[in-house]
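Me: I would like to go through this model slowly and ask, for each label attached to it, what the label rests on. Please set the values against the cut-offs as you reply.

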Amino acid sequence: MSIDFNADFVNDEYVIGHWEIINKEESKAPFDEIFFLPNGEKYWMFSWTKGYLKISSEDGNMLCPYTLKATYGENPLMSVQYGESTWILKQTDNKPYTKYEIGRHDNIDLPFVDDTNVIGKWVSVDFVKKVENFDPAKQSWPSLFFKSIEFYPNGEAGQIVGEAISPWKIRWTKGTTLVESGDGTKAPAYEIYNIDGTDYLFIEWKSGDYVWGKRKARYYVFKRAD
């Protein structure tokens, strides 16, 4: 019987730890691993309660039933029903990880080096997988979450993400922005390219995909505000 997505947490000590998806290709699972954190704590898009993996994404919330299965050698197995797919997971350890331990953290303890070319306000115009994918004549990403960024001469910066000013502390040094956020510390690199007479600023977008999914950062593209 299904439960409400926001129902009170029920513990299941047997699932706490790191799980590796071992039928990734067959099930077309979009992830390599899942951590079940103590007390069902959420990281990235994942949380859990007894009997269910909970996934939150732009497409909504999903309750994915899980079942513990026979062991793989000495490693417990779990099946997770994700829509029409069944993921098979192997538990590699039962350590009670914290969010900080499983995230990727960049070094932001860098000295300030000036870059007069980047100072000022920039507004986003696209979001691309690679720098070479950008076409000034055609926007490839319809909805831009990262709206704008402004670089100040003293090495500080401010940005608008979504509909609000970002609450995170943001600094910059030549070639890199330095961010202290709820995800940890991130140092998204930036580069300015002149394309057909217009300067475009490319900044790595280090979201949960980068911090916890260990994926390569994509790029937001900006041009100078009028």
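Reply: Let me start with aromatic pairs, where rings of Phe, Tyr and Trp, the last by its six-membered ring, are paired if their centres lie within 6.5 Å. By that rule, a search of the whole structure, which is a predicted model, finds 27 aromatic pairs.

Me: What makes the pair of Phe-35 and Tyr-97 edge-to-face?

Reply: The ring centres of Phe-35 and Tyr-97 are 5.1 Å apart and their planes stand at 80 degrees; the limit for pairing is 6.5 Å and planes over 60 degrees apart count as edge-to-face, so the pair is edge-to-face. This pair links distant parts of the chain, since Phe-35 belongs to strand 2 (residues 33–36) while Tyr-97 sits in the loop between strand 7 (85–93) and helix 2 (99–102), 62 residues apart. Both Phe-35 and Tyr-97 are buried.

Me: Why is the pair of Tyr-43 and Phe-46 called tilted?

Reply: For Tyr-43 and Phe-46 the distance is 5.6 Å centre to centre, with 50 degrees between the planes. Stacked planes are under 30 degrees apart and edge-to-face planes over 60, with the rest counted as tilted, so the angle of 50 degrees makes this pair tilted. Both Tyr-43 and Phe-46 are buried.

Me: Which residues do ring pairs link into a cluster?

Reply: The cluster linked by ring pairs consists of Phe-31, Phe-35, Tyr-43, Trp-44, Phe-46, Tyr-82, Trp-87, Tyr-97 and Trp-212.

Me: How do you know that Asp-199 and Arg-224 form a salt bridge?

Reply: The closest N and O atoms of Asp-199 and Arg-224 are 3.7 Å apart, and a salt bridge requires a side-chain nitrogen of Lys or Arg within 4 Å of a carboxyl oxygen of Asp or Glu, so the pair qualifies. Here too distant parts of the chain are linked, with Asp-199 in strand 16 and Arg-224 in strand 17, 25 residues apart. Asp-199 has a relative accessible area of 27% and is partly exposed, and Arg-224, with 32%, is also partly exposed.

Me: What other salt bridges does the search of the whole structure find, and how many are there?

Reply: The search finds seven salt bridges, among them one in which the side chains of Asp-32 and Lys-24 meet at 3.8 Å, N to O. Another is formed by Arg-215 with Asp-209, their closest N and O atoms being 3.7 Å apart.

Me: Why does Asp-32 count as partly exposed?

Reply: Asp-32 has a relative accessibility of 48%; exposed means over 50% and buried under 20%, with partly exposed in between, so Asp-32 counts as partly exposed.

Me: Why is Thr-176 called buried?

Reply: The relative accessibility of Thr-176 is 16%, and buried means under 20%, so Thr-176 counts as buried. Thr-176 is found in strand 13 (residues 176–181). Of the 226 residues in the protein, buried residues make up 40%.

Me: What makes Lys-216 exposed, and which residues gather with Lys-216 in a patch of positive charge?

Reply: Lys-216 has a relative accessible area of 82%, and exposed means over 50%, so Lys-216 is exposed. Lys-216 lies in the loop between helix 3 (208–211) and strand 17 (218–224). On the surface, Lys-129, Lys-130 and Arg-218 gather with Lys-216 in the patch of positive charge.

Me: What is noted about phi at Asp-196 and Lys-214?

Reply: Most residues other than glycine have a negative phi. Asp-196, however, has a positive phi near 55 degrees, and Lys-214 has a positive phi of about 60 degrees although it is not a glycine. Asp-196 is found in the loop between strand 15 (190–195) and strand 16 (198–205), and at 75% relative accessibility Asp-196 counts as exposed. Lys-214 lies in the loop between helix 3 and strand 17, and at 37% Lys-214 counts as partly exposed.

Methods. Residues are numbered from 1 along each chain as its sequence is written. This is a predicted model: local features need pLDDT of at least 70, side-chain atom pairs count only at pLDDT 80 or more; totals for chains, interfaces and linings use all residues. Side-chain values use heavy atoms; hydrogens and water are left out. Patches are made of residues with over 30% relative accessible area and no salt bridge: like charges are joined within 9 Å, nonpolar side chains (Val, Leu, Ile, Met, Phe, Trp, Tyr) within 5 Å. Accessible areas come from the Shrake-Rupley method with a 1.4 Å probe; for residues, only the protein chains shown count as cover. Lys and Arg count as positive and Asp and Glu as negative; His and the chain ends are not counted. The place of a charge is taken as NZ of Lys, CZ of Arg, CG of Asp or CD of Glu. Helices (H or I, at least four residues) and strands (E, at least two) are DSSP runs, numbered from the N terminus. Buried means under 20% relative accessible area, exposed over 50%, partly exposed in between (1.4 Å probe, protein chains only).
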